[in-house]
Amino acid sequence: MLMNIILSLFLFVASLFLNCARAEETLKNAFFIPQWSPQAQFAGYYVAYEKGIYKKYGINLNILPGGPSSPSVEFLEKGKVDFATMWLSTAIQKRSQGLKLVNIAQIIQRSALMLIAKKARGINRPEDIDNKKVGIWGEDFKIQPTAFFRKYKLKVKVIPQSYSVNLFLRDGVDVASAMWYNEYHTILNAGLKPDELTTFFFHEHGLNFPEDGIYTLEKTYKMDPALSCAFVKASIEGWLYAFSQPEEALDIVLKYMSKANVPANKVHQRWMLSRMKDLVLPVDKDRAPVGTLTLEDFMRVSNTLRDDGLIKKIPDFKSFYGECVGYVEK
Amino acid sequence: MLKNRGIAFKLVLFFTLSSAIIFTLIFGYNYYVSRKTIEKNVEENARTIVTNAMNKIETALRATQKVPENIAYFLENSSYNEKELVQLIYTVVEKNQEIYGAAIAFEPYAFKKTSQYFAPYFYKPNQWIEFKSIDKYYNYLYSDWYQIPKELKRPQWIEPYFGEGGGIIMSSYSVPFYKKVDGKRQFKGIIIVDVSLEQLRNIVSSIKVLRTGYGFLISKNGTIVTHPLKDLIMNETIFSIAEARNDTHLREIGRKMIHGESGLVPFKSITTEKMCWMYYIPIPSSGWSLAVLFPQDEMIEDITNLNKIVIFLGIFGLFLLSIAVVFIARSITEPLRGMAKAAEHIGAGNLDIELPPVKTRDEVGKLSEAFNYMKASLKEYIKELTEATASKERIESELKIAHDIQMGILPKRFPPFPDRDEFDIYATIKPAREVGGDFYDFFFIDDGHLCFVIADVSGKGVPAALFMTLTKTLIKAKATSGLTSDKIISRVNEDLCIGNDLNMFVTVFCGILNTRTGEILYTNGGHNPPLLIRDKGDIAFVEGKGELVVGVMEDAKYTTESIILQPGDSLFLYTDGVTEAMNGKSELFSEERLKKEILKCRGESILKVIECIMGEIVQFSLEAPQSDDITMMIVQFRGNKGR
């Protein structure tokens, strides 16, 4: 009897060991960092991880927690991670500054950045913003607003905007910057009704700057394009799974939020996830397959950056974009 | 269908039903009024509780506000160096128990021309006061606490946040301060004090209403600041809860709350899912809102419990009432059923049946008495009736016998003298009752003389019958050979007058026919005149002198008169029962009609004539009962014709 137990225990431990060894053999290690703390904005990656999709594609992935203190560009540059998400505008600037990074998937197809104003303060059209106080975020967040003001020939009083929308809520500014999937909903959940607000989506004003994309270093991509593309393929599968099973995806996201000690609000995350679906899979136009970066989008962003003097020369699209979507489909 | 039910059923049904209706009405009204009263009290109570808590919070916040406001006043109106400023902040943090930290943050280059940022901060992470320069950690210029009062140009309570190390909710009051530069008031910076909201949390969590009622506080953005559910605190706004619950009503309440309104609204508790009343009121200094929930079922718990007892008592009472009604109904219906059964027996003739005993003196008792009395009376009456019937039957049978005897003494055989064919005689009598006062008689006085009599005694019935018998006997006794009819009647009169105390009398027609000659000598003592029917000729009444009735005056004189019948002539005699027979219209048969009828049947045999007249009288008085005896007699002379 005792012998039997010992024997079976031995066999069990041995099989575990053998399994691990086999897994070690086939899986490639990789590190990934999203550009911000865990939230539904990155649901696809957390879901793909939790559902074992990365493993399915042969990747033993480690997701590092993002956030203000862990800038994803820096992590990628220093080789701390293999893959990172960042805005297209950020990536083009970095490339033109000499950092050899490659876009392997443009996840968000439509810009979520927007300006919001209260109708009660008489703002209904872009022209109404003239001479108003506008809350603007720094760095890459101000590229579109600046282009917007230029387009409509607006003179505005820029007030640097912090992470909160409280200044706007208390009428400290007339117009606030917002991400559609985040601050806009925060404003709604501070008691304002959608019909009390005027919204200016930049993508509706010829300023569609697709945001989150997946980037890797050129050398990583060239060394093992299969790994990069497996990561893209797995991530997109994760996104599609998250969109089809939103409640499960939400629970996964909330788990990571709580792990990262980030205040979590399920209603807010649900809003964010469904907006991500609108941004990743826009239904209104004939789009290239999910994750594709189009030359048109690339040129729009690059031209604006050049016009603003943020880049001197537009990088070569072919070397900037490692066409993983096409690769994987082969 | 109700008609067929018993009294007990109806009584129970109607009493219970009407009592139940009355009970329900009283109960409903009582419930309504007491509920309204309680709700009113609770509402007042709610106002008091919420207002008290609000005042406490307001007092605490205002006390905190004073500190930075005073510093702002000082900074605007005095000059100071760095050391004094740092000392001032230190003192504020040291001296004010409720203040966790304080800072004075300047606009770029506003404090020193040489440094862009200046924001000294003292705080109490533990019992020691520590110092840091905020600008070393983050760009304070873009913080809410700096930007909002700066842009709004007025002091502000900042949205609550978790303090360092988490757990404790804090808020900050930041006050902009200015300095006059070239006569213009220029913004210089912000004074901020950080306070823990523990004290507020204690005030709110000390609000206990009934069993599960509670209070909660929301910030100006609708963020839940204190709530019995820890998970909601700082994580949810009242609007995100509304979104999660898909509750537009809650969203509207939330908007009113953050817009500084107050009110009492129905609200479904987030913790217990119970329906509550929620009373909300703004905290004026910070623009936050305090709400207190009153569970509706607990508010009316006392009356709900009372009502359960009242309903139980009501139902129990109705049950008792039904039993009582059944009992009373039984006490009425049982004797009634007994009496009904007894009445059936009585109806069937059993008068000896015992009635069920009733001891009560109520209507049922009286009915029972009356029933008993009725039974006794019926018994008595039936006994008397039986006796009366028996005696009547006896009298009737006696009268029948008397009738037979009376009829027996009258000659009934016709023709009476078959060997004499020189005359014919026929008579009939139809008494009005069993016995009557009419009679007829005929007999031979001697071989050639036939005496015939028709008479009518005054009155009817037995006295008349007796008087008639007497008269007939007397006439037959007095009529002897050789006596004339007046002598016979006179003698009869004398005898009848003796001892006739009742003054009864009799009309008599007495004739003596000479069978050879056809001469009739007769005396008419007050009787109807007979009709002389000539065989070849007319018919006429034989009017006499009109002599007195017999039996009244002892010395009355009677005479004899004479008529001569030719062969074939007849004399028709009758009593007043014939002429005075009445029809339905009270018309008399009359002498004229008699004469007319005889004319019609003249020529027939005398038997036929009498049958004919009798038939006419019966026909005439068909609708009226016979009131008098009817007697008729015909004497026909044939002479030697018959031989």
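Visitor: Which residues is B:Ile104 in contact with, leaving aside its neighbours within four places in sequence?

Guide: B:Ile104 is in contact with B:Leu85, B:Ile89, B:Pro120, B:Gly189 and B:Ile191, once neighbours within four places in sequence are left aside. Two residues are in contact if their C-beta atoms, placed from the backbone, lie within 7 Å. This is a predicted model, in which local features need pLDDT of at least 70 and side-chain atom pairs count only at pLDDT 80 or more, while totals for chains, interfaces and linings use all residues. Residues are numbered from 1 along each chain as its sequence is written, and chains are lettered from A and ligands numbered from 1 in the order in which they are written.

Visitor: Is B:Ile104 buried or exposed?

Guide: B:Ile104 is buried, with 27 other C-beta atoms within 10 Å. A residue is buried if 20 or more other C-beta atoms lie within 10 Å of its own, exposed if 12 or fewer, and partly exposed in between, with C-beta atoms placed from the backbone.

Visitor: Where is B:Ile104 found?

Guide: B:Ile104 belongs to strand 1 of chain B. Helices (H or I, at least four residues) and strands (E, at least two) are DSSP runs, numbered from the N terminus. Eight of the eight residues of strand 1 (residues 99-106) are buried, so this strand is largely enclosed by the rest of the structure.

Visitor: Which strands do the bridges join to strand 1 of chain B?

Guide: Seven bridges join strand 1 of chain B to strand 7 (residues 184-196) of chain B, and the two run antiparallel. Three bridges join strand 1 to strand 2 (residues 120-123) of chain B, again antiparallel. Two strands pair if DSSP finds at least two bridges between them. B:Ala103 has B:Ile192 as its bridge partner in strand 7 of chain B, and B:Ala103 stands opposite B:Tyr121 in strand 2 of chain B.

Visitor: What is the order of the open sheet of five strands?

Guide: The order is 9-8-12-11-10 in chain B, with antiparallel pairing. Strand 9 (224-226) and strand 10 (263-268) of chain B are the edge strands, each pairing on one side only. Strand 8 (residues 215-218) of chain B is joined to strand 9 of chain B by two bridges, and B:Ile218 has B:Ile224 as its bridge partner in strand 9.

Visitor: Now the core. Which residues have the most contacts inside the largest one?

Guide: They are A:Ala43, B:Ala105 and B:Leu290, in a nonpolar core of 185 residues. A nonpolar core is a set of buried Ala, Val, Leu, Ile, Met, Phe, Trp, Tyr and Cys residues joined through C-beta atoms within 7 Å. Helix 1 (residues 7-77) of chain B gives the most to this core, with 11 residues. A second, separate core of 60 residues includes B:Cys451, B:Ala464, B:Leu496 and B:Leu565.

Visitor: How many residues does the contact take from chain A and from chain B?

Guide: The contact takes 20 residues from chain A and 21 residues from chain B.

Visitor: What pLDDT does chain A average?

Guide: Chain A averages a pLDDT of 83, and 89% of the residues score at least 70. The pLDDT is the predictor's confidence in each residue, from 0 to 100. Over residues 16-24 of chain A, pLDDT stays under 50, and the model has zero contacts beyond four places in sequence for them. Where pLDDT is low, the predicted coordinates should not be read in detail.
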